[in-house]
Amino acid sequence: MMRILHVLPGRLRLGFDAVKGRPDLASRMHRHLEAVSGIRRVTVDTRTGSVLMLFDPAALKSAEFLNELSTVLGSIFPAHIAPGRVRSVSYTHLTLPTITE
(Lines give C-alpha, C1' and ligand atoms only; values in the text may rest on other atoms or scores of the structure.)
Protein backbone atom coordinates (compact mmCIF):
# COMPACT_ATOMS: atom_id res chain seq x y z
CA MET A 1 0.00 0.00 0.00
CA MET A 2 1.10 3.58 -0.66
CA ARG A 3 0.37 6.27 1.91
CA ILE A 4 0.87 10.01 1.77
CA LEU A 5 2.84 10.70 4.92
CA HIS A 6 3.57 14.40 4.57
CA VAL A 7 3.25 17.12 1.98
CA LEU A 8 4.55 20.67 1.83
CA PRO A 9 5.20 22.85 -1.24
CA GLY A 10 8.18 21.22 -2.94
CA ARG A 11 8.30 18.24 -0.59
CA LEU A 12 6.32 14.99 -0.65
CA ARG A 13 6.89 11.96 1.60
CA LEU A 14 5.15 8.73 0.64
CA GLY A 15 5.11 5.42 2.48
CA PHE A 16 5.41 2.19 0.50
CA ASP A 17 5.15 -1.05 2.45
CA ALA A 18 6.45 -2.89 -0.62
CA VAL A 19 9.82 -1.08 -0.37
CA LYS A 20 10.58 -2.26 3.18
CA GLY A 21 13.54 -4.61 3.12
CA ARG A 22 13.71 -4.46 -0.71
CA PRO A 23 16.86 -2.60 -1.78
CA ASP A 24 16.33 -3.75 -5.37
CA LEU A 25 12.90 -2.11 -5.53
CA ALA A 26 14.15 0.96 -3.64
CA SER A 27 16.98 1.41 -6.13
CA ARG A 28 14.59 1.09 -9.06
CA MET A 29 12.19 3.63 -7.53
CA HIS A 30 15.03 6.04 -6.83
CA ARG A 31 16.41 5.77 -10.35
CA HIS A 32 13.04 6.20 -12.05
CA LEU A 33 11.70 8.97 -9.81
CA GLU A 34 14.91 10.97 -10.04
CA ALA A 35 14.51 10.99 -13.84
CA VAL A 36 11.13 12.80 -13.63
CA SER A 37 11.53 16.42 -14.67
CA GLY A 38 10.77 18.71 -11.79
CA ILE A 39 11.99 16.28 -9.12
CA ARG A 40 15.17 17.65 -7.56
CA ARG A 41 16.04 14.89 -5.09
CA VAL A 42 14.74 11.46 -4.07
CA THR A 43 15.52 9.50 -0.92
CA VAL A 44 14.22 5.95 -0.43
CA ASP A 45 14.52 4.29 2.99
CA THR A 46 14.13 0.49 2.90
CA ARG A 47 13.94 0.31 6.69
CA THR A 48 10.79 2.45 6.93
CA GLY A 49 9.44 2.27 3.36
CA SER A 50 9.59 6.06 3.16
CA VAL A 51 10.12 7.81 -0.18
CA LEU A 52 10.96 11.51 0.08
CA MET A 53 10.75 13.62 -3.07
CA LEU A 54 11.90 17.23 -3.23
CA PHE A 55 10.54 18.89 -6.34
CA ASP A 56 9.90 22.22 -8.02
CA PRO A 57 6.61 23.35 -6.42
CA ALA A 58 5.41 24.82 -9.72
CA ALA A 59 5.75 21.36 -11.31
CA LEU A 60 2.95 19.94 -9.16
CA LYS A 61 0.44 22.07 -11.05
CA SER A 62 1.62 20.66 -14.38
CA ALA A 63 -0.35 17.79 -15.94
CA GLU A 64 2.86 16.69 -17.68
CA PHE A 65 4.67 16.33 -14.32
CA LEU A 66 1.76 14.44 -12.78
CA ASN A 67 1.44 12.14 -15.78
CA GLU A 68 5.18 11.43 -15.75
CA LEU A 69 5.05 10.71 -12.02
CA SER A 70 2.08 8.35 -12.41
CA THR A 71 3.78 6.65 -15.38
CA VAL A 72 6.91 6.00 -13.30
CA LEU A 73 4.91 4.65 -10.35
CA GLY A 74 2.78 2.63 -12.78
CA SER A 75 5.88 1.03 -14.29
CA ILE A 76 6.97 -0.09 -10.82
CA PHE A 77 3.48 -1.11 -9.61
CA PRO A 78 1.65 -1.91 -12.88
CA ALA A 79 -1.25 -3.74 -11.25
CA HIS A 80 -2.09 -0.75 -9.06
CA ILE A 81 -1.51 2.50 -10.93
CA ALA A 82 -2.74 3.30 -14.42
CA PRO A 83 -0.32 5.71 -16.12
CA GLY A 84 -1.71 9.13 -16.94
CA ARG A 85 -4.62 8.93 -14.49
CA VAL A 86 -3.43 11.70 -12.15
CA ARG A 87 -4.66 15.06 -13.44
CA SER A 88 -4.51 17.67 -10.70
CA VAL A 89 -3.32 18.00 -7.15
CA SER A 90 -3.78 20.69 -4.54
CA TYR A 91 -1.77 21.00 -1.36
CA THR A 92 -4.88 21.14 0.79
CA HIS A 93 -6.34 17.91 -0.61
CA LEU A 94 -3.41 15.98 -2.00
CA THR A 95 -4.75 12.79 -3.54
CA LEU A 96 -2.71 10.09 -5.23
CA PRO A 97 -3.78 6.55 -6.14
CA THR A 98 -3.58 3.92 -3.42
CA ILE A 99 -1.14 1.11 -4.09
CA THR A 100 -1.61 -2.31 -2.53
CA GLU A 101 0.78 -5.22 -2.68
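Modeller: Happy to! The protein chain has an average pLDDT of 79, and 77% of its residues score at least 70; pLDDT is the predictor's confidence in each residue, from 0 to 100. This is a predicted model, where local features need pLDDT of at least 70 and side-chain atom pairs count only at pLDDT 80 or more, while totals for chains, interfaces and linings use all residues. Residues are numbered from 1 along each chain as its sequence is written, and side-chain values use heavy atoms, leaving out hydrogens and water.

Helices (H or I, at least four residues) and strands (E, at least two) are DSSP runs, numbered from the N terminus.

Now to the helices. Helix α1 (residues 23-34) packs against helix α2 (residues 63-76) at an angle of about 160 degrees, and their axes are 10 Å apart. Axes are lines fitted to C-alpha atoms, for helices over the stretch in contact, with angles running from 0 to 180 degrees between N-to-C directions. That angle makes α1 roughly antiparallel to α2 (under 35 degrees is roughly parallel, over 145 roughly antiparallel, 65 to 115 roughly perpendicular, the rest oblique).

Who touches whom? From α1 come L25, R28, M29, H32 and L33, which meet L69, V72, L73, S75 and I76 of α2; contact means heavy atoms within 4.5 Å. By class, seven of these residues are nonpolar, two polar and one charged (Ala, Val, Leu, Ile, Met, Phe, Trp, Tyr, Cys and Pro count as nonpolar, Asp, Glu, Lys and Arg as charged, and the others, Gly among them, as polar).
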